[in-house]
Amino acid sequence: MLFHHAIRVPLLLAVLSILGGTAPLAFADGEGQPDLDEAMVMRLDAKTLDDLNKIGDLLQSALAKGLDKENEGFAKQMLAGVALERGKAIAQQMFRQPQAGNLAQLRGEALKHLETAVDNDPTLAEAQTLIARLNALPGGDRTRALKAAAAAVESLQEDPHAQSEAYMLRALMQTDIEARLADINKAIETNSENIEAYQARSQFYFQQQKFDEAVADLQHVLKVDPTNTRVTATAVKALAELKRLDEAKKILDDGLKAKPDASLYQLRAAIYRNEDKLDEAIADLNKAIELQPRDPASLFARAEIYLSRDDTAAARRDLDKAMELNPGSVQGVLLRAYLSAEEGRLPDAINDMKLLVRSFPENATWAIQLASFYQMDNRPRKAIDVTTDVIRREPGNWRALRIRADTRLSVGEHKEAIADYEAALKAEIEIDDSKAGILNNLAWVMATSPQDGVRDGARSLEMAEQAAKLTEYKQAHILSTLAAAYAETGDFDKALEWSEKAVDLGKEDGHEQLKQLQEELDSYKNKKPWREEQNVEENKAPIFSAEDIIDT
């Protein structure tokens, strides 16, 4: 459609008024002018993406055919705006249907229009930002994303809030850690209220194990938004890592006042449990369960506390409810195994641990626990098989070596047990009680074995002394071993001294082997060293799984 010059100026003024521009004062006819005129008319009533496509085509046609200098600049500005709208519309379609099968095609179309927008107006920050966001998606061009984000930063000098967002967008594109941190810092410097930037910087600090700095940023976020439970939880975990539990509880207290939340009650309960404040932990878990009665996490946690208190009935009630809600829970199966063992149902405990070990064959801790259950159920050969498999994978696993050594003693394999104990002692054992236990058992077999060639009184005494020192001479069974070692060396006066102390401690503590402790003392009074041969009869009863049992 062609227009006479007499009406072209007011029409152009009207269009530019709508677009926020300024009309040129004079025109020189060009071949593209009719297309520009028609595009301006259509722009007034454009409502659909199809309308924008037609306007864009007309503007590109006008520029290709030629316009005077002033109208060329106006046409480019108008084309940039139309192309931005086209790109935004397609991008919105993508974000509304993230599971669509043609996302790559839609992104390509959106980027094509957005690139047209910035080609015609490089200062169009919104287009640059959207180019960066679309290229930041999987399969996008990160180099282009970084360049577009940088352009947006430069274009937004007069809009600090928007520029801060652009800095954050560019930070996401940075592969260099220091460059990323620099952009995040600029985002905060530009807009001190940019919560996203503080959260991002806290994550960076976490990765660098700068927990103090991470906590400071998270606390800043919580001042602005005390109801942000995710940030509260993150800050609490960081403070717990720093062993600053009082601060962690203070943040939890404030967070729960601002917004009662089951996950925060769970966290505070975990801290109370770590401090051995079990009543307070249960009280918080009760509140968590009131808020979310169908959340198995709180039920599992409360069941664990009940089990630690030997309240197996309460533990079983919570565990059964939790397993109904989450029957496939690994935590639940593990807890059920421990509870079954505590209830004396070792076959059930073994079945659950076997299930976990089959599902996670590389988890040595669970395999060792299975071996321990086998040992408790008088199935030493099964325990030896399991621990041998662990040791094959992890030759220095002192826990597996200790269990296998203990089990070998129970079947009379004393030399093999000694080799395992000695191998275990070569490992770095940081827990004094654990090291003392291995030293004690090694000393015991060297002092009391009836097998010739196994006993070594001097070495036994050396090991027993170390074990006694590590436990501050306060454990009856270790003093018993020290007495046995002295007896093996022929020093019955010392044997009597330590054996009497072992009996006295056993009486104070209600030791389960008090009768044997007294018998050892009697033996030393008669100048006889103690001898012990453990012969555990293998429990050969079949262990039925739930699937094996048919209800008739």
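## A walk from a loop to a pocket

Gln174 sits in the loop between helix H8 (160–173) and helix H9 (177–190). Helices here are DSSP runs of H or I with at least four residues, numbered from the N terminus. Before going further: this is a predicted model, where local features need pLDDT of at least 70, side-chain atom pairs count only at pLDDT 80 or more, and totals for chains, interfaces and linings use all residues. Residues are numbered from 1 along each chain as its sequence is written, and side-chain values use heavy atoms, with hydrogens and water left out.

Is Gln174 buried or exposed? Gln174 counts as buried because its relative accessible area is 13%, and buried means under 20% (exposed is over 50%, partly exposed is in between, with a 1.4 Å probe and protein chains only). Leaving aside residues up to four places away in sequence, Gln174 touches Arg142, Leu146, Ala179, Arg180 and Asp183, where a contact means heavy atoms within 4.5 Å.

Now for the charged pairs. Side chains of opposite charge can pair when their charged atoms come close. A search of the whole structure turns up 39 salt bridges, each one a side-chain nitrogen of Lys or Arg within 4 Å of a carboxyl oxygen of Asp or Glu. Take Glu247 and Arg244, whose side chains meet in a salt bridge at 2.7 Å, N to O. Glu247 is partly exposed because its relative accessibility is 33%, and Arg244 is partly exposed too, at 25%.

Next, look at Glu304 and Arg273, a salt bridge with its closest N and O atoms 2.8 Å apart. This pair links distant parts of the chain: Glu304 belongs to helix H16 (residues 296–308) and Arg273 to helix H14 (residues 262–274), 31 residues apart. Glu304 counts as partly exposed at 25% relative accessibility, and Arg273 is partly exposed with a relative accessible area of 32%.

Asp420 and Arg404 also meet through their side chains in a salt bridge (2.8 Å, N to O). Here again the pair links distant parts of the chain, with Asp420 in helix H23 (residues 414–425) and Arg404 in helix H22 (residues 398–410), 16 residues apart. Asp420 is buried, and Arg404 is buried as well. Elsewhere, salt bridges that share partners tie Arg316, Asp320, Glu343, Arg345 and Asp348 into one network.

On a 1 Å grid over the protein atoms alone, a cavity is a set of points where a 1.4 Å probe fits but cannot get out, while a pocket is an open set with protein on both sides within 12 Å along at least five of seven lines; lining residues have an atom within 4 Å of a point. Points are joined across faces, edges and corners, and a volume is the space filled by probe spheres set on them.

How many cavities of 30 Å³ or more are there? The count comes to 1. The largest cavity holds about 40 Å³ of space, and its lining is made up of Leu409, His414, Trp444, Val445, Thr448, Glu532 and Gln534. Helix H24 (residues 432–448) gives the largest share of that lining, 3 residues.

Finally, the largest pocket has a volume of about 510 Å³. It is lined by 20 residues, and those closest to its centre are Asn441, Trp444, Gln513, Glu532 and Gln534. The elements giving two or more residues to this lining are H22, H24, helix H26 (476–489) and helix H28 (514–525).
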